[in-house]
Amino acid sequence: MMDFTPSMTFAEWAEIFLRDYAAASLKPSALEHYEDNLRKHIIPEIGAMPLGSITTADIQAMLRHQEQTGNLRNGGRLAAKSMRNMRTAVSACFSQAVESGILGSNPVTGTVVRKAARPRVEVMED
């Protein structure tokens, strides 16, 4: 059995989070989105880092890099909505580490991602 400590890697904690917490509380479609974001984007970037050593700056750098090059189809930019979804998934993972007493705070809280442009609705007049 693995000790839940800040020295475990982010990848180790993310797998525990998905299996024991997210799977028990999320709808299947939401769980699938969390798994995709964590396994395809986040773990490859910060997975080897010890959970307790990851800073807000590390998360912001990872988000910035993913925004610029995270499109798995063409290596280009990701949409703002995709970035918000990614930030939500990684934040939930860290929030659970805080709730479980492994970490004192969630480093994702201080990060930012760009907002999606709201479509402009034009009203047709008679």
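## Salt bridges and a helix contact

Glutamate 35 forms a salt bridge with arginine 39, the closest N and O atoms being 3.8 Å apart, where a salt bridge is a side-chain nitrogen of Lys or Arg within 4 Å of a carboxyl oxygen of Asp or Glu. The model is a predicted one, in which local features need pLDDT of at least 70 and side-chain atom pairs count only at pLDDT 80 or more, whereas totals for chains, interfaces and linings use all residues. Residues are numbered from 1 along each chain as its sequence is written, and side-chain values use heavy atoms, with hydrogens and water left out.

Glutamate 35 and arginine 39 are four residues apart in helix α2 and are therefore separated by about one helical turn; helices here are DSSP runs of H or I with at least four residues, strands are runs of E with at least two, and both are numbered from the N terminus. Salt bridges that share partners join Glu15, Glu35 and Arg39 into one network. A search of the whole structure finds five salt bridges, among them those tabulated here.

| Salt bridge | N to O distance |
|---|---|
| glutamate 15 and arginine 39 | 2.6 Å |
| arginine 19 and aspartate 20 | 2.8 Å |
| glutamate 35 and arginine 39 | 3.8 Å |

Glutamate 15 lies in helix α1 (residues 10-25) and arginine 39 in helix α2, so the pair ties together parts that are 24 residues apart in sequence. Glutamate 15 is partly exposed at a relative accessible area of 31%, and arginine 39 is partly exposed at 40%, given that buried means under 20% relative accessible area, exposed over 50% and partly exposed in between, with a 1.4 Å probe and protein chains only. Arginine 19, in turn, is exposed at 55%, while aspartate 20 counts as partly exposed at 36%.

The axes of helix α2 (residues 28-46) and helix α3 (residues 56-69) come within 10 Å and cross at roughly 130°; axes are lines fitted to C-alpha atoms, for helices over the stretch in contact, and angles run from 0 to 180 degrees between N-to-C directions. In this contact (heavy atoms within 4.5 Å), His41, Ile42, Glu45 and Ile46 of α2 meet Ile59, Met62, His65 and Gln66 of α3.

Glutamine 66, located in helix α3, counts as buried at 7% relative accessibility. Leaving aside neighbours within four places in sequence, glutamine 66 is in contact with His41, Glu45, Leu78, Met83 and Met86.
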